[in-house]
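Hello,

Here is the structure I promised to send over. Please open it first, then read my notes below.

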Amino acid sequence: MAREDEMREVIQDLMAEVVDVESLAKTYATIISEANLQLAFIAEQISKENKIN
């Protein structure tokens, strides 16, 4: 899983490439999608950990 500073750098790089509103919307959607994947992964790990304990 990516560290917070790595994620921040990637987001900043993506946002730097934005040239218009459509590009901004696509970039935002990509960021949100990745954040959702990260949250799902974390939730799964917590669930597995709780089943063990």
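**What covers helix 2**

The cover over the buried residues of helix 2 includes helix 1 (4-16). Cover here means contact, with heavy atoms within 4.5 Å. Helices (H or I, at least four residues) and strands (E, at least two) are DSSP runs, numbered from the N terminus. Buried means under 20% relative accessible area, exposed over 50%, and partly exposed in between (1.4 Å probe, protein chains only).

A word on the source. This is a predicted model, where local features need pLDDT of at least 70 and side-chain atom pairs count only at pLDDT 80 or more, while totals for chains, interfaces and linings use all residues. Residues are numbered from 1 along each chain as its sequence is written, and side-chain values use heavy atoms, leaving out hydrogens and water.

**Helix 2, residue by residue**

Helix 2 runs over residues 21-52, which is 32 residues. From its first C-alpha to its last it reaches 47 Å, close to the expected 46 Å. That expected span is 1.5 Å times one less than the number of residues.

Which residues of helix 2 are buried? They are S23, T27, I31 and Q38.

Take T27. T27 counts as buried because its relative accessibility is 11%. Leaving aside residues up to four places away in sequence, T27 touches L14, M15 and V18.

Y28 also sits in helix 2. Y28 is exposed, because its relative accessible area is 53%. Its C-alpha lies 9.9 Å from that of V18, 10 residues apart along the chain.

A40 is in helix 2 too. A40 is partly exposed, because its relative accessible area is 48%.

**The chain as a whole**

The chain has 2 helices and 0 strands. Its radius of gyration is 15 Å, well over the 10 Å that the globule rule gives for 53 residues, so the chain is more spread out than a compact globule. The radius is taken over C-alpha atoms, and the rule is 2.2 Å times the number of residues to the power 0.38. Along its principal axes the C-alpha trace spans about 50 × 20 × 5 Å.

Buried residues make up 8% of the 53 in the chain.

On charge, there are 5 positive and 11 negative side chains. Lys and Arg count as positive, Asp and Glu as negative; His and the chain ends are not counted.

Best wishes

Notes:
The place of a charge is taken as NZ of Lys, CZ of Arg, CG of Asp or CD of Glu.
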